[in-house]
Amino acid sequence: MHTIAVQLAPVLGAEKSKVPFYVAGGLLVAWALLVSLGIGVRRPDFPANLTQQRALLAVTAVLVLAALATAVLTSGGATSSQAAAGAPAQSQTSAGPGGAEAPASSQGIASSPSTATTTAPRATTGTPAPASSPAAHASALKLAADPGGQLSYNTKRLSAKAGGVTIAFTNASPLEHNLTIAQGSKVLGATPTFAGGVKSLKLTLKPGSYTFYCSVPGHRQAGMEGTLTVS
């Protein structure tokens, strides 16, 4: 019997802490029913005077305040009892690998080595070219011969950035042409001589002025020549 009483004591204490709230709430409900159904139905003119109005308001206010106060007190008691009940659970111990008991909180720390693992570096698909390298300033240009057979290009001037320069030369003319790049008397590169199609010429050029022309005999002299400016 003593053991049963000890086990039921917390439960009875918790239930007892809510009794004031139940009492105050019950009184407030009973008062509301009395005023509305008991007196209000029988006496439509109630409250008939100022004194009755003040008395009605005073009693109602007291009961409402009592219900609120007991609600706050009982809710606080419930929170305290819950905290007290939860405290022993946090201090529970568990057996370690060697049979010794270890706090549950230390187990949480020991079970998280995976979170401290260093993240493996991501693989990259390539290294970007430095800003000073030719690939960082690659230029793509287009040039075309006159498709009607005139000995001329579609422009006399081209411009590019220093570094890698690619010129796509289109020859839709019935005559064979090529694209030759030179600086002064030094030829730096040229496409094959062809008719119909597109050929590309790729060079690495430094800042300066270059000449482009068709090296087929007589074509440069006839006007197939221009200036390529590299900055």
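The dialogue below goes through several features of this predicted model and how each may be read.

Q: How many helices and strands does the protein have?
A: Helices (H or I, at least four residues) and strands (E, at least two) are DSSP runs, numbered from the N terminus. For this protein the secondary structure comes to five helices and ten strands.

Q: What share of the residues is buried?
A: A residue is called buried under 20% relative accessible area, exposed over 50%, and partly exposed in between, with a 1.4 Å probe and protein chains only. Of the 231 residues in the protein, buried residues make up 19%.

Q: How is a pair of aromatic rings described, and how many aromatic pairs are counted?
A: A pair of aromatic rings is described by the distance of the centres and the angle of the planes. Rings of Phe, Tyr and Trp (its six-membered ring) pair if their centres lie within 6.5 Å, and planes under 30 degrees apart count as stacked, over 60 as edge-to-face and the rest as tilted. By this rule there are three aromatic pairs. In one of them, the ring centres of Tyr153 and Phe212 are 5.6 Å apart and the planes stand at 55°, so the pair is tilted. This pair links distant parts of the chain, with Tyr153 in the loop between β3 (139-144) and β4 (157-160) and Phe212 in strand β9 (residues 208-213), 59 residues apart. Tyr153 is buried at a relative accessible area of 8%, and Phe212 is buried at 0%.

Q: What geometry do Phe169 and Phe194 have, and where do they lie?
A: Phe169 and Phe194 form an edge-to-face pair, 5.7 Å centre to centre with 75° between the planes. Here too the pair links distant parts of the chain, 25 residues apart, with Phe169 in strand β5 (residues 163-171) and Phe194 in the loop between β7 (186-190) and β8 (197-205). Phe169 is buried, with a relative accessible area of 0%, and Phe194 counts as buried at 8%. Ring pairs link Tyr153, Phe169, Phe194 and Phe212 into a cluster.

Q: Which residues of the largest nonpolar core touch the most other members?
A: In soluble globular proteins, nonpolar side chains tend to be buried together. A nonpolar core is a set of buried Ala, Val, Leu, Ile, Met, Phe, Trp, Tyr and Cys residues joined through side-chain atoms within 4.5 Å. The largest such core has 21 residues, of which Leu143, Tyr153, Ile167, Leu179, Ile181, Phe212 and Leu228 touch the most other members. The elements that give two or more residues to this core are β3, β4, β5, β8, β9 and β10 (225-230). Contact means heavy atoms within 4.5 Å, and, leaving aside neighbours within four places in sequence, the contacts of Leu228 include Leu141, Leu158, Ile167, Leu205 and Phe212.

Q: Which residues form a salt bridge?
A: Side chains of opposite charge can pair when their charged atoms come close. A salt bridge is a side-chain nitrogen of Lys or Arg within 4 Å of a carboxyl oxygen of Asp or Glu, and by this rule the count is one. Glu225 and Arg220 form the salt bridge, with the closest N and O atoms 3.0 Å apart. Glu225 counts as partly exposed at 31% relative accessibility, and Arg220 is partly exposed with a relative accessible area of 31%.

Q: Over which rings do the charged ends of Arg220 and Lys199 sit?
A: A charge sits over a ring if NZ of Lys or CZ of Arg is within 6 Å of the ring centre and within 35 degrees of the ring normal. The charged end of Arg220 sits over the ring of Tyr213, 3.9 Å from its centre, and that of Lys199 sits over the ring of Phe194, 5.8 Å from its centre.

Terms used. Residues numbered from 1 in each chain as written. Predicted model: local features only at pLDDT ≥ 70, side-chain atom pairs only at ≥ 80, totals over all residues. Heavy atoms only, no water.
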